[in-house]
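Me: I should like to learn how to read a protein model feature by feature. Could we work through one together?

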Amino acid sequence: MTTFHVTQEGPVNALALNKDFSQVAICGRNVFKVYTIEEDKFREVCNVRASKHLNVGFSCNDVSWSPTDDHYLATAATNGHVSVWNLTKMGKAMQEQDYQDHKRTVNKVNFHASEPNKLISGSQDGTMRYFDIRVKSAVAVFYSNTESVRDVQFSPHSPYAFSAVSDNGSVQLWDIRKPEKYQQQYTAHSGPVFACDWHPEVTWLATASRDRTIKVWDLTNKPTLEYTIHTIASIGHVKWRPQRKYHIASCALVIDCSINVWDVRRPYIPFAAFNEHRDIASGVQWRGDPDIFLSSGRDSTLYHHSFNNASRPAAKANPQGLAVNNNGEIIFARKIPPFQTSASSTSSMTTPTSLAKATVGLMRKISMTQAIDQFHHASSMLQHFSHVNEMANYESESILALSKNYVLSGRSISEMCEHNSVVAREFGKPHLSVVWKIIKTMYGEEFLQNSIHAGSSNREEVAHNNINMSNISSAVIQIESTINSHRETETDQKSKASDTQAAQFSGGDDETENEDQVDNVGTYTGFPTYLNVRSGLPKGDFSFGENELDMELDSLNADFHNVYRGYNHASADGSDWILPNEAFPIRHEIQDRSPPPEQFPNHHHSPDLHEDTQPIYQVEETSSTLISVSKIPKKSSWDPSSLVVETLKHHAILGDIQTAACVLIVLGDCRKFLKELDEATEEHWLLGYIEMLTSYKLWNNATQIIKLAWLPSVYQLNQQSTRINTNCGKCLKPLQRVGWLCDRCHSSKYALCSICNQVVKGLYVWCQGCSHGGHIAHMKQWVSTKKMCPTGCGHLCEYG
């Protein structure tokens, strides 16, 4: 058989087959036709809407064909009418009965399986009407006490039983001989139930709901949930596949236009899928053959399907799985080929090579011998990998300890970093202790003060570079005077020359001469590195105690070098800084003289050196008595932000998301300096840390992180799902204002404890299925020994 279809004038709401599956009736708001099913096409035999006597009853919501008499059809209309049609008549007489007992839209009609004159309907008015088509009105009325009855189906296992499903998620089982009260009622779904269908072989009832599940109930004794299928959309119709005990077809109300055939033992992946419809499918009917069925849709089409053209999502599913817990343990499951089951059961591990060979062998075996529509439970192997040592447990304990003891707010950055450093060291994380110390050094209060004055420092840099050199000159002159005055006793010639030169720089000829000798004066490119003055200085200049002069001169020597190297600029008038060569006497003649001036002209860099790689200073020998410093680079500052960002990313890559997130939180306003770090990365770290804390059940710590977050996508997590509505136990409507008084029925009866019938003061617990509850201690004690609701509503309550 092939797949073929026919297009209609408007959307098709429902379809029905006759008893020998040779004809199909379809109906809709503007469609009501009967087709004969041929080998590769549909042939129209009757168009009921072609009659001249059209009325609202011709606009159909559902259609049912009598399973015992091919002459009779029944339809449900949106105006509350139930019509019975006799196909042997013509014109107006074709509408043999028109029942107007319902007050609102009729959702479903269903003929009795063995009595051709019996018909039942379910309506939006919350009632079910039982008709005998030989009588002008309903012979029995069944009140569901719900807002709407979505579907009614006669049971194929009992001539007196039928099921009804409602908007409140409940299923009712009725006996047509006892219309006063249902036989059984249970809550099947958390949302409205749109469809139900009896299994043709066993006493199973399938129900489909807005909660995107299909449930299979065993009704042999009390209702027992056997299987649950999870779908991607609300399900509007279900139909068991003939000759296949575990197969059921479904079509959705929204989103999904496919018709899926499920094996109830595989609850998440359809066994087969049919994707011919371009809009929502509205009905499914099997042609008595497990490989052929018909479907109608809102895309104005009627399709004839063959299982040969089905896609197989289950065949493409990955049979392997992997999971890792927070202790570092790994669970791995894989499929075992049937011919390897016995061998694999004795060994705990299979090599990847043998596994690949086994998979190829399995594929070959399936392609030759296995029936394509036959379900097999996959034999699988579950393998558990755990650490032999206690490293994983140690890491988990460290994460827990650090999370509980870190301080992330309420103190200054320096205090928090110091505290967290101590905590990390105490719990065996010295490298993290160092990280916190470095963060303190970089972003403590001193850093904040420097950053505040950064703007003013930049503005003052030019003036700083152009400062008068008088301070430097005076410092140099002071050192020179001290040195030269103590070297006069060595040679009169040098003494006079030094005295003359020193006087020029000291500003006077009345300097007191000193006969003390200076020894052990080393040289470093012409600069003194150590001064040892063995006698005191003359009065009026300095007076030192024992050994004080050595220390003072060492200090002056160091200060001179610091001043010289720190003030990297030219003089205020733009001229070079020139010092007399005699100010820095040397013990030995310099053998390796500087190159001649023409190789390195004054005020120019070396041609082999880049400007960024220039030395701190460049010395040019201009004469036998002068040293000229021609280039002093500008002062530069160091920005640690890039290094911090790189460090945090390194910890995140290693899996230490805790350190990355905590450092960001502690930095606070200093995060603005980390310009290389984007918000997406920050959000990823925060959410990862929150997920880690949640996995360890550290709810308070996770909430603290959310509260301290600065990104809207993170701190708004605490503003989601904070409202829970309870339902009134009488009318099942949500309680909007208070949790005990219903605005609709104005009844506070169900706010009392269901066991002691007293007002609940304190914690109140209720069942989300039937909305009955009471004192938490009473309900917990009740449910520990009994399963039924204490009010006697018949609901199976669970305490969780």
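Predicted model: local features only at pLDDT ≥ 70, side-chain atom pairs only at ≥ 80, totals over all residues.

Me: Which elements of the chain have the lowest and the highest mean pLDDT?

Reply: Helix α2 (residues 352-369) has the lowest mean, 33, whereas strand β19 (residues 204-209) has the highest, 95. Over residues 486-549 pLDDT stays under 50, and the model has 99 contacts beyond four places in sequence for them. Residues 556-590 likewise stay under 50, with 80 such contacts.

Me: How many helices and strands does the chain have?

Reply: The chain has 17 helices and 42 strands. Of its 800 residues, 43% count as buried. As for contacts between residues at least 6 apart in sequence, 50% join residues at least 24 apart.

Me: How many bridges join β15 to β16?

Reply: Five bridges join strand β15 (residues 161-166) to β16, and the two run antiparallel. Within this pair, A161 stands opposite D175 in β16. A161 and D175 are 14 residues apart in sequence, yet their C-alpha atoms are 4.8 Å apart in space.

Me: What else can be said of A161, and which residues does A161 touch?

Reply: A161 belongs to strand β15. Leaving aside residues up to four places away in sequence, A161 touches F154, S155 and W174.

Me: Is S170 buried or exposed?

Reply: The relative accessible area of S170 is 2%, so S170 is buried; the cut-off for buried is under 20%. S170 lies in strand β16 (residues 170-175). Its side chain makes a polar contact of 2.6 Å with the side chain of N168. Beyond four places in sequence, S170 touches T146, A164, V165, Q185, Y186, T187, A188 and V193.

Me: In what order do the strands from β18 to β21 lie?

Reply: They form an open sheet of four strands, β18-β19-β20-β21, with antiparallel pairing. The edge strands β18 (193-198) and β21 (224-230) each pair on one side only. Direction ignored, neighbouring strands of this sheet are turned by 20 degrees against each other on average. Five bridges join β18 to β19, which run antiparallel, and A195 has A208 in β19 as its bridge partner.

Me: How many residues lie between β10 and β11 in their hairpin?

Reply: Six residues lie between β10 and β11 in the hairpin. The two strands run antiparallel and are joined by five bridges, β11 covering residues 118-123. V109 stands opposite S121 in β11. Strand β10 (residues 106-111) is mostly covered, with six of its six residues buried.

Me: How should a helix be checked, and why does the span of α5 agree with expectation?

Reply: The 14 residues of helix α5 (residues 430-443) should span 20 Å at 1.5 Å a residue, and its span agrees because its end C-alpha atoms are 20 Å apart. Helix α4 (residues 413-426), also of 14 residues, reaches 20 Å from its first C-alpha to its last, close to the 20 Å expected. Just after α4, G428 takes a positive phi of about 75 degrees.

Me: Which residues of α4 and α5 are buried?

Reply: An α-helix has 3.6 residues a turn, so residues three or four places apart point the same way. In α4 the buried residues are I413, S414, M416, C417, N420, S421, V423 and A424. In α5 they are L432, S433, V435, W436, I439, M442 and Y443.

How values were computed:
Residues numbered from 1 in each chain as written. Heavy atoms only, no water. Buried < 20%, exposed > 50% of the residue type's maximum accessible area, 1.4 Å probe, protein only. Polar contact = N/O pair within 3.5 Å; in protein donor to acceptor, adjacent residues only side chain to side chain. Contact = heavy atoms within 4.5 Å. Pairing = 2+ DSSP bridges. Expected span 1.5 Å × (residues − 1). pLDDT = per-residue confidence, 0-100. Axes fitted to C-alpha atoms, helices over the stretch in contact; angles between N-to-C directions.
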